[in-house]
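Colleague: I would like to learn how to read aromatic pairs. Please take me through them.

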Amino acid sequence: HHDTIKVIQRSKGLLMSQMKREGMDGFAEVSTTNGRWFEALWSAVIHTGLGPLSPNTILLSLPTFEAFDETARALETSEDASVSNHSSLSIACEGDISRAQEYLRTINGILNLGKAVILFKGCPSYPKNEDVIPKRGTIDIWWIMHDGGLLLLLPFLLSRHPVWTGENDPTGKKKRKRLRINQTGAKLRLFAVTATRDECPERLHEAVVKHLEKVRIQAEVRVIECLAGTHIAERMRERRSKQPGELNRKVTRTHNMTLGEAFGSCGHAATQDIAVDANEANISGDEFFTCAAAGLNAAIRTHSSDANLVVTNLPFIHEDEEPVGYFGFVRKVCDCVENVMFVRGSGVE
């Protein structure tokens with residue numbers, strides 16, 4: 001136990017030094033575990049803070065399960081592979097599947113505690129605190145589910161940081177009040193996604209623009225229609241039925257709505273420029289969710305190739321969710337996109 005205490009103290013010192021180098025204000029805590037990392041995570045989530053000072057948002061890194069990727073590549077490139085080869089790949093995946101199940105249960109448990117979750121995929125290109133992005137940075141918001149508003153607030157707050165304005169002061173001597181007055185912040189682009197064929201793009205664009213004016217956020221608004229024929233809404237939202245014993249907490253009325261439903265832009269006939277309906281294509285199982293992920297990924301790569309950060313909704317974790325399908329969807333969405341934040345609000349922000 002004495003050695004453990006020394007490790008905790010040394011780790012906390014290193015963490016505080018790193019926070020100081022990054023100019024972060026806050027508290028540093030170190031949790032210990034006997035090898036089951038999710039137990040330490042639970043301890044940190046539940047016991048950190050006191051009363052109203054307890055954290056309401058948890059930031060996690062997007063996990064990498066290499067065995068999943070190897071299996072997918074093998075199945076895609078070798079349609080005639082033998083059953084024994086597929087069995088060996090399945091055995092190799094067992095360890096990653098166990099970790100993925102623990103990770104998924106942890107995320108779901110945090111959400112059930114009424115906390116927001118951010119799943120972040122970062123690359124070396126993501127700016128550090130002392131960096132400066134020339135000519136302002138660009139943050140793209142891909143808004144599918146309304147989700148209480150955290151998806152808008154988070155990019156806005158990030159955009160006000162000096163890193164994104166091209167005017168960073170590495171000495172830290174510039175007054176914060178002056179920063180708030182003079183800096184215009186990063187360029188925000190909001191891509192409002194029509195998730196069903198009933199949503200009218202024109203009315204949705206008008207409603208989103210008015211909403212941004214109301215909350216005083218400056219952003220360029222574009223409407224994306226190519227996902228209206230997919231099952232993206234079903235993948236992103238909680239199912240309507242309520243389960244016995246469900247956590248009874250007050251959430252915003254629009255928390256589980258698509259943008260068209262939240263802003264009242266439904267009632268539009270199906271357009272021709274949309275993806276193929278999964279039912280029409282005779283696709284069953286998780287494949288129509290894969291089609292939705294591929295469509296969203298293609299749209300992001302087309303419209304946000306120059307963005308420094310992409311922020312979008314974190315898919316809802318349904319009952320009896322399989323980790324392979326869930327993380328496969330998430331990883332497909334951010335494939336070949338360097339810096340992505342998946343955000344799931346609690347509905348009480």
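Modeller: Start with the cut-off. Rings of Phe, Tyr and Trp pair if their centres lie within 6.5 Å. Keep in mind that this model is predicted.

Colleague: How many aromatic pairs does a search of the whole structure find?

Modeller: The search finds 6. Take Y126 and W164: their centres are 6.2 Å apart, with 70° between the planes, and the pair is edge-to-face.

Colleague: Where in the chain do Y126 and W164 lie?

Modeller: In distant parts, 38 residues apart. Y126 is in the loop between β2 (116-121) and β3 (138-143). W164 is in the loop between α5 (150-159) and α6 (176-182). Both Y126 and W164 are buried.

Colleague: Why is the pair of W143 and F263 edge-to-face?

Modeller: A pair of aromatic rings is described by the distance of the centres and the angle of the planes. Planes over 60 degrees apart count as edge-to-face. For W143 and F263 the planes stand at 80° and the centres 5.8 Å apart, so the pair is edge-to-face. This pair also links distant parts of the chain, 120 residues apart: W143 sits in strand β3, and F263 in the loop between α9 (259-262) and α10 (287-303).

Colleague: Is F263 buried or partly exposed?

Modeller: Buried means under 20% relative accessible area. F263 has 21%, so F263 counts as partly exposed. W143 has 0%, so W143 is buried.

Colleague: Which residues do ring pairs link into a cluster?

Modeller: Y103, Y326 and F327.

Colleague: And which residue lies over the face of F329?

Modeller: R235, at 5.8 Å from the ring centre.

How values were computed
Residues numbered from 1 in each chain as written. Predicted model: local features only at pLDDT ≥ 70, side-chain atom pairs only at ≥ 80, totals over all residues. Heavy atoms only, no water. Phe/Tyr/Trp six-rings, centres within 6.5 Å; stacked < 30°, edge-to-face > 60°. Helix = DSSP H or I, 4+ residues; strand = E, 2+ residues; numbered from the N terminus. Buried < 20%, exposed > 50% of the residue type's maximum accessible area, 1.4 Å probe, protein only. Lys NZ or Arg CZ within 6 Å of the ring centre and 35° of its normal.
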